[in-house]
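Here are my notes on the model, point by point. Have the coordinates open while you read.

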Amino acid sequence: MTGRSVVTVAGTTRRGFLGGTLAGGGVLVGGKVLDVPGTPAECPPPLGPVSVGADDPRYAELVSRGRNGRFVGRPESVHLVGSTDQVVRIVGDAVRAGKRVTVRSGGHCYENFVDDPDVRVLIDLSEMRSVYFDPGRKAFAVEAGATLGEVYRTLYLGWGVTVPGGSCPSVGVGGHIAGGGYGPLSRRYGLAADHLYAVEVVVVDAAGRARAVVATADASDPNRDLWWAHTGGGGGNFGIVTRYWLRSPDARGASPTGLLPKPPGTLVSASVSWQWTGLTEQAFTGIVRNYGTWHASNTGPGSPYAGLMSGMTLAHRENGALTVHGSLDAEEPGAGQLLERFVKEMAKGADVPPTSHTTRSPWLKATLSVPQGIGTVSFKVKSGFLRRPWSDRQIAVLHRFLTESGGDRWGTSVNLTLLGGRMNAARPATAMPHRDALFSAVYETMWGDPAGAESQLKWIREFYRDLHQDTGGVPAPGPANAGAYINYPDVDLADPRWNTSGVPWQTLYYGSNYPALQRAKKRWDPRNVFHHALGIR
């Protein structure tokens with residue numbers, strides 16, 4: 001599609017050109033305005049494709065972008081792309097040559113779905129980062145290589161809006177939205193995928209022909225099942241996402257400033273921490289129990305804490321402390337006093353004095369200042385959705401996990417995030433199956449010495465099995481659990497040595513939506529070009 005485009009940037013209308021992809025003058029990219037002042041000018045051509053082989057000095061940089069040092073791929077070539085047309089050509093060439101092709105956006109995949117030894121062609125989307133308003137679709141277009149931090153910054157500074165995605169600014173949107181995407185604002189505004197209006201995907205038909213398809217939420221769209229599959233069905237299953245369009249389903253009017261949620265202007269935040277020194281198992285149990293039971297009783301729709309953004313981080317004894325944190329919109333009535341009461345409730349009954357502090361910060365500054373981790377390390381992550389707080393038996397298992405010595409413990413922690421609110425609202429149109437969870441739990445361990453990998457993996461696998469011993473070693477759906485999150489993939493859930501529940505991994509990740517996702521897979525990827533260890537069969 002080639003022709004003139006009109007792109008609105010923060011209330012200003014400017015003209016540019018379309019050439020395969022929409023990239024008009026005045027497009028905001030990662031917070032920067034790409035435009036030449038004065039008379040309209042033709043936009044510069046997109047980057048690439050840049051094809052890099054193993055003998056190129058850039059190769060090592062591109063194949064090692066993945067955050068998990070356990071996996072480093074050795075593809076024949078890496079293609080840095082700048083447009084959807086380029087992706088179509090590269091995918092088509094790979095299919096004709098019989099070479100497995102995959103894609104990387106932000107590089108945060110926890111398993112070797114990208115860095116698989118069988119992958120021969122890797123498409124890198126990291127330079128496709130444009131974020132702009134598309135007046136034709138009355139939605140914000142976001143290229144799949146943009147990071148969450150870039151999206152938040154551009155949407156907020158340009159139009160005063162945001163999308164309720166994850167808390168790590170360096171995560172790429174490419175796989176994040178397709179898996180559902182939750183974060184601090186999800187209690188107020190639902191999942192990131194709840195605000196997905198359209199998606200552009202490069203797919204391959206039964207004849208092996210690659211093409212780009214735009215699928216929308218419109219009921220009359222014949223491609224609507226492809227849009228639905230990307231609202232919780234996970235990345236890498238149906239094709240290569242090159243662009244999302246974001247617009248809230250209840251948005252009204254044509255003004256860009258009203259098409260997505262508005263974040264708080266200022267956050268007031270509080271945290272309370274307990275050092276491990278002198279902390280008894282009884283005190284540990286009381287603190288963790290306090291967090292679970294208080295939230296289960298105080299964050300419903302009618303509670304003054306309905307807008308609370310909250311989490312608990314339980315770091316290993318050898319590398320940190322126990323920390324509970326909460327944030328509220330500073331404009332909410334009595335926000336400061338509510339947080340003071342919150343801190344007191346968290347500390348109730350603990351026999352070790354905590355330290356606490358309260359801060360006020362502009363929303364964007366607080367959002368972009370979240371720690372980004374320590375770069376590329378080897379790690380293993382497991383997850384689970386909780387419908388109710390951990391039992392005392394499970395808290396005892398957590399205590400053992402967080403106090404055991406031996407191996408690398410500097411990167412071991414358990415992270416609990418409060419869900420609920422609008423995330424639990426009934427939205428049957430989306431594919432995300434875990435809409436009734438109260439918490440999301442993430443269990444992780446990191447290590448530096450490759451020689452210790454097997455013992456480290458055995459340690460966390462046995463912990464996870466013991467934590468869920470009542471449900472076959474996994475968070476099988478039931479009164480206590482609601483399965484696991486496909487954006488935190490864990491191939492152990494498909495391993496009968498670790499999953500003895502009788503519940504297939506497909507159900508843990510995709511719930512009752514799996515048959516419909518299979519139908520979408522059969523239609524849009526009949527040759528199974530796009531696959532991985534936990535992919536739709």
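1. Which residues do ring pairs link into a cluster? They are Tyr110, Tyr182, Phe379, Phe385, Tyr485 and Tyr488. Rings of Phe, Tyr and Trp (its six-membered ring) pair here if their centres lie within 6.5 Å; planes under 30 degrees apart are stacked, over 60 edge-to-face, and the rest tilted.

2. Before going on, some ground rules. This is a predicted model, so local features need pLDDT of at least 70 and side-chain atom pairs count only at pLDDT 80 or more, while totals for chains, interfaces and linings use all residues. Residues are numbered from 1 along each chain as its sequence is written, and side-chain values use heavy atoms, with hydrogens and water left out.

3. Buried residues make up 58% of the 537; buried means under 20% relative accessible area, exposed over 50%, and partly exposed in between (1.4 Å probe, protein chains only). Among contacts (heavy atoms within 4.5 Å) between residues at least 6 apart in sequence, 70% join residues at least 24 apart.

4. Back to the rings: the count comes to 20 aromatic pairs. The tyrosine 291 and phenylalanine 439 rings have centres 5.8 Å apart and planes at 35 degrees, so this pair is tilted. Tyrosine 291 is in helix α7 (residues 281-298) and phenylalanine 439 in strand β21 (residues 439-447), so the pair ties together parts 148 residues apart in sequence. Tyrosine 291 is buried at 0% relative accessibility, and phenylalanine 439 is buried at 0% too.

5. Also look at tryptophan 294 and tyrosine 305, an edge-to-face pair at 4.8 Å centre to centre with 80 degrees between the planes. Tryptophan 294 lies in helix α7 and tyrosine 305 in the loop between α7 and β16 (309-315), so parts eleven residues apart in sequence are tied together. Both tryptophan 294 and tyrosine 305 are buried.

6. Finally, valine 202 sits in strand β12 (residues 196-204) and is buried, with a relative accessible area of 0%. Not counting residues up to four places away in sequence, valine 202 touches residues including Thr84, Arg211, Ile240 and Phe530.

Key. Helices (H or I, at least four residues) and strands (E, at least two) are DSSP runs, numbered from the N terminus.
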